[in-house]
Amino acid sequence: MTLQVSMVPDVAETIGQAKIDRKTYLQTLLAQRSAVPASTVRGEETQVWLQVLRDRATEQVKELAIPSTKEEEWRFTDLSALLQTQFVAPPAVTVRLTDLEAWLLPEARDSRLVFVDGVYAPTLSAIGHLPAGVIVGNLPQALEQPLQNYLSKLPGAEEVFTALNTASFADTAIVWVPHNTSLEAPIHLLFVSTTGDVAALSHPRCLVIAEAGSCLALVETFVTLGEGEHLTNAVTEVWLGENAQVNHVRLQRNSLTAVHLGKTAVSQARDSRYTCIAVSLGAKLSRHNLEVFQAGEQTETTLNGLAMIGAEQVADTHSTIAFTKPYGSSYQTHKCIVSDRAHAVFNGKILVPKAAQLTNAAQVSRNLLLSPKARIDTKPQLEITADNVKCAHGATVSQLEDDEVFYLQSRGINQESARKLLVYAFAAEVIGQIAIPSLRENLSAIVRGYQA
Amino acid sequence: MISENSEVILSVRDLTAEVEGTPILKGLNLEVKAGEIHAIMGPNGSGKSTFSKVLAGHPAYRVTGGTVLFRGQNLLEWEPDERAKSGVFLAFQYPLEIPGVSNLDFLRVAYNSKRQHEGLEELDAFDFDDLVQQKLDVVKMNPAFLSRSVNEGFSGGEKKRNEILQMALLEPKLGILDETDSGLDIDALRIVAGGVNQLSHANNAIVLITHYQRLLDYIVPDYVHVMEAGRIITTGGKELALELESRGYDWVREEEAAEVAR
């Protein structure tokens, strides 16, 4: 996949008194990066490949600019507002475990990693007994493994915000599950952004390797302490070996003034199964790029998404499922619930080249508009050159039907509760798929409380 | 069962109503007392279903004149949910599917709304489960239906049975059944009719809206009304339904025309 980036400086935006263009602004973000932390340097060799990786990404970013709506990939999502804020690397903040209680999962009591503004927080993390060979920890704990074969090796690494993350990241959550190993408890990665005197910039990074025949459940939660502004630019890479299975939940609950840019890139070897449930609730502006590459035959991808937004929030999901071999399948349901003046975007790309015969792909985009000023842009994008495939897609945009509300009212349920129940029912199809009870209940409660 | 001294449950006087500016009800009169079963028959488009929706308070139907008293109170002032909680129940001709909401949860929420309205304590999940198990017998419903989403993937007959199950739980003062018999095979019709007969007693009233006389073989009405062009044009006993079945609605129209001419 290639991303077209305009090199022409866009119309000037203002930070304070200074005029600034999109390219210059990106360099100010790059300038906030820290050095490779000493903790990741263990022997000369490791230092070299990490440094090379960062340097290469840095060179890429220097040539790029913050994308504008003139670019197809950003047509519906305007990043101009981003340029109004000077995001900086925040000072270290003390976070206590009690601050995070609302987001902890009892099911992951002994399998949790916490990162604060992208920096590993060992005292907030809890890793208990794990099967032999399993690594759940920060980058230095995993340097014995051939990480250089995986880190930043997925297609799309040159995309502007992914490259910015690679150029800037320090700590990295590593989950390594060896051959034929199955993890009972879900791995919970909690990425906390802090807010304070400055608008914090952070680049959370995560690398998951599920070796052949292994199985794990992964939960990523992005949250904000406080209500202030911050920019979170997260990248997660997931590698599934042959016949491996990964069940992934990605929950974005950043503050309503935050900007959240996220990338999930997945590579699937033959016979592997990847499921992702991605839920976007927070941030004034969020973008999730979900890119799955089926590298082998008979792989299965299931993507379920839910964006539930109000006020003036913008939530954008761009997904890509790239088939490359025969007998692949994908099942995708993306739902948006949009109220007030909020704006949801969904672009679902499915690529089926000639080599991917007998592909079975199904995509559904369902959208619920709850106010006349709410807006939805949904765009299925199927590029099929194979001739013996089954690819179905559909998109619906609807409102709460008077008849549905009336049916519930005629059973004694008041109008407000009836509307809430119908919104909940709409979201339940996605949330109900979450296998982790505490998370499913927690999200159900949030959805039930949504002002319809 | 007709009894002169029974409470008047529903009193409709000169009711007129429109939908999207088109008048549908044009001066409807009806009085229903406790213990009675009324059947409202009539050709398609005569306003039968509109009447049922007006009584239940559907927002698309606008009342333009007349009065509707429910147990002496102005029914038209109340929101649909208040009507339901006060004892008006409409069994829908086309019950809606609500994916994502389990039938059991839906029934419990509805039941507890009514309990709350009556100043009673809400039933918890366990007690409610016991109650609903008893009520399932009324419509011979498989308990497996409780864990499925409301009406989702139900057959026509199963949806109608689910409506009667809701009526059994909510124990309305006035049950309005809007073409509950339409589209049912004979076995399903027997079950639904048997359920309604079990639920009918001296303190409540049933209004059956139907297109077919067949239903009245299983639920015997005290009164049969014929609707035409938004009004009730004739009323009789159960034998009127048989007459309609053999002679058709044109016969009633001619009778009425003759009466007007006289």
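Predicted model: local features only at pLDDT ≥ 70, side-chain atom pairs only at ≥ 80, totals over all residues.
On the side of H3(B), the contact is made by Leu104(B), Leu107(B), Arg108(B) and Tyr111(B).

Helix H1 (residues 22-30) and helix H3 (residues 160-168) of chain A pack at an angle of about 30 degrees, and their axes lie 10 Å apart. H1(A) is therefore roughly parallel to H3(A), since the cut-off for that description is an angle under 35 degrees. Leu26(A), Leu29(A) and Leu30(A) of H1(A) meet Val160(A), Leu164(A), Ala167(A) and Ser168(A) of H3(A). Six of the residues in the contact of H1(A) with H3(A) are nonpolar, one is polar and none is charged.

The interface between the two chains was examined next. Chain B supplies 29 residues to the contact and chain A supplies 17. The size of an interface is often given as the accessible area lost when the parts come together. For chain B and chain A, the buried area is about 1900 Å², with 69% of it on carbon and sulfur atoms.

One salt bridge was counted between chain B and chain A. It joins the side chains of Glu163(B) and Arg411(A), at 2.6 Å from N to O. On the side of chain B that touches chain A, the elements giving two or more residues are helices H1 (48-56), H2 (80-86), H3 (103-117) and H5 (156-170), together with strands S6 (88-91) and S7 (98-102). The residues on this side of chain B comprise 18 nonpolar, six polar and five charged.

Over all chains, the search of the whole structure gave 28 salt bridges. A salt bridge within chain B is formed by Lys85(B) and Asp81(B), whose closest N and O atoms are 3.7 Å apart. Both residues, Lys85(B) and Asp81(B), belong to helix H2 of chain B and are separated by four residues, about one turn of the helix.

Definitions and conventions. Residues numbered from 1 in each chain as written. Chains lettered and ligands numbered in written order. Heavy atoms only, no water. Axes fitted to C-alpha atoms, helices over the stretch in contact; angles between N-to-C directions. Parallel < 35°, antiparallel > 145°, perpendicular 65-115°, else oblique. Contact = heavy atoms within 4.5 Å. Nonpolar A, V, L, I, M, F, W, Y, C, P; charged D, E, K, R; others polar. Buried area = accessible area lost by both parts, 1.4 Å probe. Salt bridge = Lys/Arg side-chain N within 4 Å of Asp/Glu carboxyl O.
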